[in-house]
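Q: I would like a close look at one part of this structure. Please keep it brisk and give the cut-offs as you go.

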Amino acid sequence: MPAPAGRCILNRMWVHRTVFAVAAYVLFALALGTVYFVVQHDGRNAVEDGPRALLSAADTSGQPEHLDLSGYQGVFWMRYDAGDRPTGGNGYLHGSLATVPRGVLDDARRSGEDAVTWQPAQGLRFAIVARPQPGGDVVVAGQSLERTELRASQTLIVIVLALLGGLVVVGAAIGVDAVIAPAARPAR
């Protein structure tokens, strides 16, 4: 025996409301994902401002002479000769001037600048900017990404909690609708 017309309409209405609620949640999730992407990307790019300012000043006389990069959060620099050997600077790892990958130096010479994330050791990540100098030298300046990545992780936690909260709200709305919809059915 076919279902009464009123019941069919109510079932369709319930399905439409459920689809609407799920679509709204998907939009909410996409919006939060966009927020995370923008915050993370903007924070990562902002870390390059200090190194670029140091490179633009071309004066490193105010910089400390020896910085252990394993725990330093500020801006540091290193100079490499045409043979990619470190010849000066204040960024030290394991007692000697830090060495960035040769490709960074080559790309800087080829394109005029190279900005990358450099991970010289586990747990150490830096935003570095390399610029060529006359005679084939390259100066590299950088700054730790530790604080920036910490902020990005904290933002991600807040977004995940908001997504879970949104999921609870959508689930509760669908559950309440499922309970209310049968009560609204017309009597036979």
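With which residue does aspartate 106 form a salt bridge, and how far apart are the closest N and O atoms?

A: Aspartate 106 forms a salt bridge with arginine 109, and the closest N and O atoms are 3.5 Å apart. A salt bridge here is a side-chain nitrogen of Lys or Arg within 4 Å of a carboxyl oxygen of Asp or Glu.

First, the ground rules. This is a predicted model, where local features need pLDDT of at least 70, side-chain atom pairs count only at pLDDT 80 or more, and totals for chains, interfaces and linings use all residues. Numbering starts from 1 along each chain as its sequence is written, and side-chain values use heavy atoms, with hydrogens and water left out.

Now the site. Aspartate 106 and arginine 109 both lie in helix 3. They are three residues apart, about one turn of the helix. Helices (H or I, at least four residues) and strands (E, at least two) are DSSP runs, numbered from the N terminus. Aspartate 106 is partly exposed, at a relative accessible area of 31%. Arginine 109 is also partly exposed, at 27%. The classes are: buried under 20% relative accessible area, exposed over 50%, partly exposed in between (1.4 Å probe, protein chains only).

Arginine 109 has another partner. Its side chain meets that of aspartate 84 in a salt bridge of 2.8 Å, N to O. Aspartate 84 lies in the loop between strand 2 and strand 3, and arginine 109 in helix 3, so this pair ties together parts that are 25 residues apart in sequence. Aspartate 84 counts as buried, at 13% relative accessibility.

Helix 3 holds a further pair. Arginine 110 forms a salt bridge with aspartate 107, with 2.2 Å between the closest N and O atoms. These two are likewise three residues apart, about one turn of the helix. Arginine 110 is exposed, at 64% relative accessible area, while aspartate 107 is partly exposed, at 29%. Shared partners join Asp84, Arg102, Asp106 and Arg109 into one network of salt bridges. The whole structure has eight salt bridges. As background, side chains of opposite charge can pair when their charged atoms come close.

Five strands form an open sheet in the order 3-2-8-7-6, with antiparallel pairing. Two strands count as paired if DSSP finds at least two bridges between them. Strand 3 (86–89) and strand 6 (114–121) are the edges, each pairing on one side only. Neighbouring strands of the sheet are turned by 30° against each other on average, direction ignored. Helix 3 (residues 102–111) packs on this sheet and touches strand 2 (75–80), strand 6, strand 7 and strand 8 (138–144). Contact means heavy atoms within 4.5 Å. The direction of helix 3 makes about 35° with that of strand 7. Axes are lines fitted to C-alpha atoms, for helices over the stretch in contact, and angles run from 0 to 180 degrees between N-to-C directions.

Strand 6 and strand 7 (residues 124–132) run antiparallel, joined by six bridges. Alanine 115 has valine 129 of strand 7 as its bridge partner. Threonine 117 stands opposite alanine 127 in strand 7. The hairpin of strand 6 and strand 7 has two residues between the strands, and glycine 123 there takes a positive phi near 85°.

Strand 7 also pairs with strand 8. That pairing is antiparallel, over seven bridges. Proline 132 stands opposite valine 138 in strand 8. Five residues lie between strand 7 and strand 8 in their hairpin. Glycine 135, in the turn, has a positive phi of about 85°.

Finally, the setting. The protein has four helices and eight strands. From the N terminus on, the elements run α-α-β-β-β-β-β-α-β-β-β-α. Of the 188 residues, 29% are buried. Among contacts with a separation of 6 or more, 55% are between residues 24 or more positions apart.
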